Amino acid sequence: MAPERLPINKVFINMTALRHNFREVRQLAGDRQVMAVVKADAYGHGLINSALTLVQAGADSLGVMEVEEGLALREHGLTLPIHVMGEVCYPEMVEAALNQDLSLFASGPEQIKMMSDRAKELGLKARVHLKIDTGLGRRGLTVSQAEGFFREVVLWPNLDILGLATHLATAGDPAAHTQLNSFDELCYKAATMQVGRSQNTALNSGGPIWHKGHQARIVRVGRMMDGHQPGPAL
């Protein structure tokens with residue numbers, strides 16, 4: 001007797017619903033730019049098709065975690081800004097990213113120096129967001145480190161610092177407001193020291209709902225576009 005065939009699991013993604021959800025996000029974001037985060041194969045919904053749909057719906061940029069994801073998007077003809085938000089630890093990864101015009105997030109002096117050095121060798125500019133740890137405790141320059149580092153990093157060659165980036169541990173509560181206040185103070189200091197182009201980003205999915213008045217230029221939105229509630233209170 002032939003063995004019984006196991007069922008094949010399939011997931012069907014309603015791209016019309018994805019477009020609708022993105023447009024709702026666009027309204028919440030107001031005049032801020034929206035980075036559509038499609039990391040981890042667009043949260044399992046298909047990197048390429050999801051990205052194409054979101055670009056058609058009006059995404060200003062895309063966010064991924066791995067350089068390889070950004071390269072795949074470029075191979076499919078996407079030319080808008082693509083930000084690699086994860087750790088880029090090796091010069092070869094930096095080179096691949098710069099050759100395909102990917103922007104990078106950098107969390108510490110050694111990593112940023114490596115990007116500067118590799119970009120100089122290639123004769124290219126490394127476009128970088130500086131990660132700031134305002135309270136999540138995961139990655140990035142601490143608030144106490146950042147101001148001193150600003151004075152140093154402006155001297156390094158072949159860097160185009162787009163702005164500062166942080167990630168909220170929560171949204172809508174006093175801890176989140178404390179994080180945003182710390183971030184805003186650093187953004188002001190960076191601007192006065194002529195560090196970066198003020199394309200700062202702090203708000204993730206729950207941010208545009210709980211912190212509507214926050215004016216960091218770029219809003220990062222991920223699973224909220226898939227219909228997930230960005231917080232238990234919503």
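This is a predicted model: local features need pLDDT of at least 70, side-chain atom pairs count only at pLDDT 80 or more; totals for chains, interfaces and linings use all residues.
User: What geometry does the aromatic pair of Phe149 and Trp156 have: stacked, edge-to-face or tilted?

Analyst: A pair of aromatic rings is described by the distance of the centres and the angle of the planes. A search of the whole structure finds one such pair. Phe149 and Trp156 lie 5.5 Å apart, centre to centre, with 75 degrees between the planes. Planes over 60 degrees apart count as edge-to-face, so the geometry of Phe149 and Trp156 is edge-to-face.

User: Is Trp156 buried or exposed?

Analyst: Buried means under 20% relative accessible area. Trp156 has 15% relative accessibility, so Trp156 is buried.

User: Which residues touch the most other members of the largest nonpolar core?

Analyst: The largest nonpolar core holds 62 residues. A second, separate core has six residues, including Met35 and Phe105. In the largest core, the residues that touch the most other members are Leu62, Leu73, Leu130 and Leu164.

User: On which side or sides of α5 do its buried residues lie: the same side or opposite sides?

Analyst: Helix α5 spans residues 91-99, and its buried residues are Met93, Val94, Ala97 and Leu98. An α-helix has 3.6 residues a turn, so residues three or four places apart point the same way.

User: Against which elements do the buried residues of α5 pack?

Analyst: The buried residues in question are Met93, Val94, Ala97 and Leu98. Beyond the helix comes Asp101, with a positive phi near 60 degrees. The packing partners of the buried residues of α5 are α4 (67-75), β4 (103-106), α6 (109-122) and β5 (126-133).

User: Which element supplies the largest share of the lining of the largest cavity?

Analyst: There is one cavity of 30 Å³ or more, and the largest cavity has a volume of about 40 Å³. Its lining includes Gly163, Leu164, Cys187, Ala190 and Asn200. Both β7 (159-165) and α8 (174-192) supply at least two lining residues. The largest share, three residues, comes from α8.

User: Which residues lie nearest the centre of the largest pocket?

Analyst: The largest pocket contains about 700 Å³ of space. Two or more lining residues come from each of α2 (39-44), β5 and β8 (218-221), and β5 gives the most, with three. Of the 34 residues in the lining, those nearest the centre are Lys39, Arg138, His167, Asn204 and Arg220.

User: Which residues does Thr53 touch, not counting residues up to four places away in sequence?

Analyst: Thr53 belongs to helix α3, residues 47-57. Its relative accessibility is 6%, so Thr53 counts as buried. Leaving out residues up to four places away in sequence, Thr53 touches Met15, Leu18 and Arg19.

User: Is Ser205 buried or exposed?

Analyst: Ser205 is found in the loop between α8 and α9 (207-210). Among the residues it touches, not counting those up to four places away in sequence, are Arg220, Val221 and Pro230. The relative accessible area of Ser205 is 12%, and therefore Ser205 is buried.

Notes
Residues are numbered from 1 along each chain as its sequence is written. Side-chain values use heavy atoms; hydrogens and water are left out. Rings of Phe, Tyr and Trp (its six-membered ring) pair if their centres lie within 6.5 Å; planes under 30 degrees apart count as stacked, over 60 as edge-to-face and the rest as tilted. Buried means under 20% relative accessible area, exposed over 50%, partly exposed in between (1.4 Å probe, protein chains only). A nonpolar core is a set of buried Ala, Val, Leu, Ile, Met, Phe, Trp, Tyr and Cys residues joined through side-chain atoms within 4.5 Å. Helices (H or I, at least four residues) and strands (E, at least two) are DSSP runs, numbered from the N terminus. Contact means heavy atoms within 4.5 Å. On a 1 Å grid over the protein atoms alone, a cavity is a set of points where a 1.4 Å probe fits but cannot get out, and a pocket is an open set with protein on both sides within 12 Å along at least five of seven lines; lining residues have an atom within 4 Å of a point. Grid points are joined across faces, edges and corners, and a volume is the space filled by probe spheres set on the points.
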